[in-house]
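Thanks for making the time, everyone.

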Amino acid sequence: MFQSFKKKFKVRDHYDVIVVGSGLGGMTTAALMAREGKSVLILERHYTVGGYTHVFKRPGYEWDVGIHYVGEMNRKHALTRKLFDYVTDNQLEWADMGDVYDRVVIGDQTFDFVKGVSAWKAQMKAYFPEDQSAIDAYVDLIFQTTSASRTYFLDKGLPNLAHKVAGTFLRKGFKKFYDRTTLDVLQSITDNPLLIKVLAGQYGDYGLPPGESSFAMHAVLVKHYFQGGFFPVGGSSRIAETILPVVNAAGGTCLVNAEVAEIVIEGQKATGVRMKNGQIFTADKIVSGIGVPNTYRKLLPQDLVGKLGLDQQLALMKPSVAHACLYIGLNGSPEELNLPKANYWIYPEKGSHDECVAAYKRDIQAPFPVVYISFPSAKDPDWSNRYPGKSTIDIITLMPYEVFDKWEELPWKKRGEAYEALKESVSQRLLEVLYQQEPQLKGKVDIYELSTPLTTKHFVNYDRGEIYGIEHTPARFDWEFLRPKTPIKSLYLTGQDIVTVGVGGALASGLLTAGAMLGKNLMSKVMKWENGA
């Protein structure tokens, strides 16, 4: 039996738009369409809404599974902030993480990433006084790349004819940045291996080490955080709680425990969806926010996929990195435990990022190539109102899917002693990393629980437990088919696969998809919108 979010709204058989998946891209698309007066049905297979913006709870605790920090929320006229304000009707509040948003730890050295471009540059130059010109060149390249990205992403939302006429020109300026790896660009401005390692210290936010990732992805992410990090007041569940009322106001709703079995195609036109229980909902337009591979492999007739050449596109796509996350609950408030707001990015002292990843993939008993530690309860000023005397921490590391694939056919929470023993081993190693940075936390841990790539597969429905959809290599940015409009009439895509990873990418995908469906430039409308006007 399907359940509606907050269990308030009646369900009809036909909608203007059906969105499959309630991740941020899907919710943004739905809210933008709702603001244009369209009725939207969002269908979520999970028991809770939000995709990577959802939370899960245990007695006395809750953890945010995907939102660890967001950039640009102090810039009222930045697109990311304007979009959030628009799709939530100004109901979502943000808390500033402070002057330091990230700490890169390499061996026994710590490098603070401080907010504000001038302050960031000054801090880096203090760490690397002999590399001042390289740091200036690096920041210039970040801004050149993000500036060139605007027309590239504009092209994705154009009608097919306009894309064919102008697409090559619109993409040209960005290509010289996305065609190179992060490592290639960094090595072109400095030969200092430690500086390269520090500048690439946020690579975990997009999942590929410098030698494999596109510099364009790196630049977009770094620019996103230059003005600091921010966290939703009340936790990341507030994102869905503030977006979905906008959808409801236009006669739409979101159903949970509502798994779509297939998209109904009639004469190469998408007309609706068939649910796992056999029920059919119809709509004028269908949007999939569950990722391009999932959409084409799981929801479409495979003879049509072959006929349209979509199988050739699928053959090019590789899943991004899989991960393990240790969710920790502690006795004591964030203040009592002296928890920082800044995130830790912790790396081995020896070896480049690429060398450390390669060694770990060969043997997971090698040092973790990256450990990311987030302190969500310290970032959220409302936390102690909800959970007094408690705190939480998330610790994330790379975890090859192959390490756990022998248990992939077994059900959640019933995978056996060997599986649990491996989880415990990883958990203890991650706790040791935490205690090295925050030794006062020993003896304060009340509960911990490790998610594996199989957990991600179970809850987010990515086949290889990937966290970032399609990996962000230089080649990915050349694939012109990663756009909202598909070759199937009335079927559209949204989410990180058609733009880039992250909150900003998901929001932008919603803007592109809604604009493509409506044939409108919604960006101008969003940017002009003020305080409900």
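Predicted model: local features only at pLDDT ≥ 70, side-chain atom pairs only at ≥ 80, totals over all residues.

Residues are numbered from 1 along each chain as its sequence is written, and side-chain values use heavy atoms, with hydrogens and water left out.

Two packed helices are described by the angle between their axes and the distance between the axes. Helices here are DSSP runs of H or I with at least four residues, numbered from the N terminus, and the axes are lines fitted to C-alpha atoms over the stretch in contact, with angles running from 0 to 180 degrees between N-to-C directions.

Let me start with helix H4, residues 132–156, and helix H6, residues 182–189, whose axes come within 9 Å and cross at roughly 140°. That angle makes H4 oblique to H6, given that under 35 degrees counts as roughly parallel, over 145 as roughly antiparallel, 65 to 115 as roughly perpendicular and the rest as oblique. The crossing of H4 with H6 is right-handed, meaning that the near helix is turned clockwise from the far one by less than a right angle. On the H4 side the contact (heavy atoms within 4.5 Å) is made by Ala134, Ala137, Tyr138 and Leu141, and on the H6 side by Val185, Leu186 and Ile189.

The other pair is helix H1, residues 24–35, with H9, where the axes come within 8 Å and cross at roughly 30°, which makes H1 roughly parallel to H9. Among the residues that meet are Met27, Ala31 and Arg35 in H1, and Ile239, Ile243 and Val247 in H9.

What about the cysteines: is Cys254 buried or exposed? Cys254 is buried, with a relative accessible area of 1%, and Cys356 also counts as buried, at 9% relative accessibility; buried means under 20%, exposed over 50% and partly exposed in between, with a 1.4 Å probe and protein chains only. The structure holds zero disulfides, a disulfide being a pair of cysteine sulfur atoms within 2.5 Å.

Finally, back to H9, residues 237–249, in which Pro245 lies.

Technical notes:
Helix = DSSP H or I, 4+ residues; strand = E, 2+ residues; numbered from the N terminus.
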